[in-house]
Amino acid sequence: MSTPAAEHAPGLAPADGIAARARGLTKAYGSGETTVLALDSVDVDIVRGRFTAVMGPSGSGKSTLMHCLAGLDTVSAGQVWLGNTEITGLRERELTRLRRDRIGFMFQSFNLIPTLNALENITLPMNIAGRDPDRAWLDQVIDTLGLRDRLKHRPAQLSGGQQQRVACARALVSRPELIFADEPTGNLDSRAGLEVLGFLREAVDDLGQTVVMVTHDPGAAAHSDLVLFLADGRIVDEMARPTAEAVLERMRLFTGAGSRFSGDGAED
Amino acid sequence: MLKATLRSFLAHKGRLLLSALAVVLSVAFVAGSLIFSDTLGRTFDRLFASTAADVTVRPQEGLDEAVPSGTTATLPAALAGRLSGVEGVAAAHVDAEVENLTVVDDENEPVSPTTGAPTIGTNWHPTERSPVELTSGHAPDGPGQALLDSETADRTGVRIGDSLTVVAPPGSFRVEVVGIVTFTTTNPGAALLFLDTPTAQTKLLGDAKAATGISVEAAAGVSDDLLKRRVADALGPDAYEYRTAAEQAESDVEQLGGFLDVIKYVMLGFAGIAVLVGVFLIVNTFSMLIAQRTRELGLLRALGADRRQVRRSVLTEALLLGVVGSTLGLAAGIGLAAGLIGLMNAIGMNISSAEMVIGWATPVAAYVVGIGVTFVAAYLPARRAAAVSPMAALTDAEVAGVGRPLRLRAVVGGVVGAAGAAALAGCAAATETASAASLLGLGVVLTLVATVIAGPLLVRPVIRVLGAAFPALFGPVGRMSQRNALRNPRRTGATAAALMVGLALVGGMSVASASMTESFDRQIDRTLGADFIVQNGGFMPFPREITDRVRETPGAGLVVRSRFAPLAVRLPDGDRVETTAAAYDPRLDEVASISYARGDTAGALAAGHLAMDADFAREHGVRLGSTLPVEFQGGRTAELTVGALTDMESAEGFGARGGLFLGLETLQRYAPGGQESALYVNAAPGTGDDELRANLERTLDPYPQVQVRDIADYKKLVHDQISVLLYLVYALLGLAIVIAVLGVVNTLALSVVERTREIGLLRAIGLSRRQLRRMIRLESVVIAVFGAVLGLALGLVWGVCIQQVLALQGMTAFAVPWGTVVAVVIGSAVVGVVAALLPALRASRMNVLAAIAHE
């Protein structure tokens, strides 16, 4: 069970080494009797320099959690920090700037602007901000992701895997505090998927990035350092150094027994 | 299938709204102009039919007056007495009517209408057919008494007992208003002044024994036709013109018809523009709707709907749109007609909106235009919809239509464009005005069609250039907006086409008018040497009294009079040419410089002589010294000798074919009674221009119908005349722009919907709302400027060709109004910004998460 938000003093600065943190994070849809709790008072710490995977059956609230942590969605109750900044309560314009400067995104599909070529897509967030990318770092990211000979191509001329690599490069190039990846391999064949996961892993291990990945694929989750299991809007379990088998096994417990587990999820 | 169509129509009603608006606008103008002209026609029919006498006798109408000469044709008043004795005549009375009076009050302020409507002075002869009745005061009796119509009296504050000065052709005279008459029927806008019959004859016609016509009333049981025959027999069938009441009404309506037709054609011009531009909008909307529904249509096909059913479904939607749009347009047209009638009332006509006539043709035309336009515009998109394969339902295809090759367009556009260019080249090379004008028309239409067809092909190169600075100026936002505009050239091309059509017209017309203005300026500079010109702003003739006053003005030296007169000349090659000739006083050389091929001014203006254009003379076999039989207004003929041949650039303008002119004394001898159209005045030695001007202005104070102008003022007057044409073009442009803005809004709104996910992504990775709005705004600007550039380029080409046609008329100067061109380009950018307001707002309000999740 997650801890009630009331136990935490408001405005508490997260300990060093925490990239993002949520306390009592609640997201409700609708009102009155038809209220649906997508997130039910979730407490979570995303440790800096780690690869964290968020898993759960569909409707468990894993995408909502990511959206709230990334400042894409408003919360109904609770607090969210990115680094030392409390983002709950920020205004739209500040949130936009925060996403632009401090967060990188990868989505399942439609990650790239079709009218811009690969290089323009990669540097888009920095260009929007009116900053010049760090050339050396840009070159390193491009070479690491093997995109050197694809820079002038439009998204339509790239394979699915290449498109996700461009999205990955875009997320990396501004050196954000946190990269959110929403099902980044969901639309890829297994080989291309593995490649993308490998890059995310490298970003964490070699470049010191912090990555949060939402997925429903145990194989993908196995590449992470820590898997958070979500069910019915709560974090019900976590697993460090996961393997595909162990994750699959854990996930099986949700199917057909969801209601039982939602009651007695492991303690933090 | 019908149910699916209806559902789809209702589901997309928001997106069809703008298309419907285009249909509504076109139909409204068509219906409005028909209703308006029907109403006016009926009103005047009734007025004239009820006021015409059973039979009217008039002087024979000789020559058409292209330029008013100021003569009033008369017949002997004694004819009335002769006709009284004719069998079947109950009564015959004299009409004495003059249409170009000027009436001023004691402060020399004009009482005449300021709208250009005439002031009619006539004799008071109340019958049951009078359009007015005496409502206060008494009938005029004696030379100093007059009646005024109540509308003019109310407008100017004239009351019974006030005195007025009437400036009539024979001279000015003062009258006291002794009564007010009120219109019992529609007042067409004129001011009416009634005098008793002898006063009207002497003071208006200058001859106590003259009349402008005889009104004959039939005795009981005698038909108008029978009466007309008897009257004609009594006076001689060819001596005068005889008209029954019906014929008279018809001819009056015909006279007014010119004015009504102008209004009607202007309105139909608006309707035409609205239809033309509206078609683009509708084609674009349907194309986009179908592109968006590719999967849905594919599903329908997969479920077993055949191509014809799909096509019929789309066309049914168009039909519904047409019906709805036509119905609303018809209603809007009635409103428009009511507004125009209100406007007519405001400028002095008196038409009741309750008398609005909606003939059967109006709704028929409204629905034919509305449904026809929508149907035609939707036909191609419907065929494309039918071509959607069932596989489209299964694949996650990008929006259809983007990548289709434009080869067919290139070929068709190229062929039509080449034909158009050839026609324009032919026009430029032509030497005959008539053939040049028809080639011009053909070329204009063909090049317009070609540009519309090939527009999408030009999108890439032109927008690359136009938007080249965008990335540097506006960063990635600029780059994305430029690329977005390039994304679907077909769509961008069609959207810009609406603006292009309007601006091409404006470009062509403004080049033409600038060239005309420049030509006139040059010609005035070259030919006119007078210090001052006294004339009427509308080039109407004015009474001789004014000439006398000007001559008496202190400081006035030479005064050269100028008159216009219609005449017919029989030429050696057998042609009989009816034209307008000018007549001048002998010392013309001192106020004007005319270049002659043969002869000189003295020869041209000598008694019994005339001059003409050398080219015209050569064409018709006329030589210096030839004698030509000339027929004047009023029927007199003379043998005039050609005393000079001129070599002028613009000899033949304004209906003055042949550039004929002669001495004023010669004209006066054969066609007496004309009035001056202009006086050229030079300062007497020792008098400064400013002094003379002030003196002339003082002299002319009681004559508000004429003004003093120096050369600069005169140029301005000419410019103003040309500007009237331009204002009309600007009004058309305004309408085209309104519809073009609708088109851009439409395209952007649909693009925003299509790009929902992309916008969500951009917002997620940090594009601010303001940047997003700017991106859409810039795209809109680049589309609008693209349309403007294409339109202006086309317009300039047309302008060059129009100028070639004008050059054949002697207007050889070519000028491009660069100020207008720049203003139009800037204006189109503003249009882009305005059109982007709503779509940009909508995009920036989009919820980021919903946009990302958008399917």
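Me: What does the secondary structure of chain A come to, in helices and strands?

Reply: This is a predicted model, where local features need pLDDT of at least 70, side-chain atom pairs count only at pLDDT 80 or more, and totals for chains, interfaces and linings use all residues; side-chain values use heavy atoms, with hydrogens and water left out. Residues are numbered from 1 along each chain as its sequence is written, while chains are lettered from A and ligands numbered from 1 in the order in which they are written. Helices are DSSP runs of H or I with at least four residues, strands are runs of E with at least two, and both are numbered from the N terminus. For chain A the tally is 10 helices and 10 strands.

Me: Of the 268 residues of chain A, what percentage count as buried?

Reply: Buried means under 20% relative accessible area, exposed is over 50%, and partly exposed sits in between (1.4 Å probe, protein chains only). Chain A has 268 residues, and the buried part is 54%.

Me: How much of the accessible surface of chain A belongs to carbon and sulfur atoms?

Reply: The areas come from Shrake-Rupley with a 1.4 Å probe, and for residues only the protein chains shown count as cover. Chain A's accessible surface is about 11,400 Å², and the carbon and sulfur share is 49%.

Me: Which residues form the positive surface patch?

Reply: A patch takes residues with over 30% relative accessible area and no salt bridge, joining like charges within 9 Å and nonpolar side chains (Val, Leu, Ile, Met, Phe, Trp, Tyr) within 5 Å. Lys and Arg count as positive and Asp and Glu as negative, with His and the chain ends not counted; each charge is placed at NZ of Lys, CZ of Arg, CG of Asp or CD of Glu. Helix H2 (92-102) of chain A and helix H22 (769-808) of chain B each supply at least two residues of the positive patch. The members are Arg93(A), Arg97(A), Arg770(B) and Arg774(B).

Me: Is Arg93(A) buried or exposed?

Reply: Arg93(A) lies in helix H2 of chain A. Its relative accessibility is 56%, so Arg93(A) counts as exposed.

Me: Which residue forms a salt bridge with Arg131(A)?

Reply: A salt bridge here is a side-chain nitrogen of Lys or Arg within 4 Å of a carboxyl oxygen of Asp or Glu, and the structure holds 41 of them over all chains. Arg131(A) is in the loop between helix H4 (124-129) and helix H5 (135-144) of chain A and its partner is in helix H2 of chain A, so the pair ties together parts 30 residues apart in sequence. The closest N and O atoms are 3.3 Å apart, and the partner is Asp101(A).

Me: How far apart are the closest N and O atoms of Arg487(B) and Glu758(B)?

Reply: At 23% relative accessibility Arg487(B) is partly exposed, while Glu758(B) is buried at 3%. The gap in their salt bridge is 2.6 Å.

Me: Which residues are linked in a network of salt bridges?

Reply: Side chains of opposite charge can pair when their charged atoms come close. The network joins Arg551(B), Arg561(B), Asp585(B) and Glu665(B).

Me: Which residues does Thr637(B) touch, not counting those up to four places away in sequence?

Reply: Thr637(B) is in strand E21 (residues 637-646) of chain B and is exposed, with 57% relative accessible area. Its C-alpha is 9.4 Å from that of Ala671(B), 34 residues away in sequence. Contact means heavy atoms within 4.5 Å. With those close in sequence set aside, Thr637(B) touches Val630(B), Glu631(B) and Tyr670(B).

Me: Among contacts in chain B between residues at least 6 apart in sequence, what percentage join residues at least 24 apart?

Reply: Chain B has 24 helices and 24 strands, and its C-alpha atoms fill a box of roughly 95 × 65 × 55 Å along the principal axes. Of its 855 residues, 54% are buried. The share of contacts joining residues at least 24 apart is 82%.
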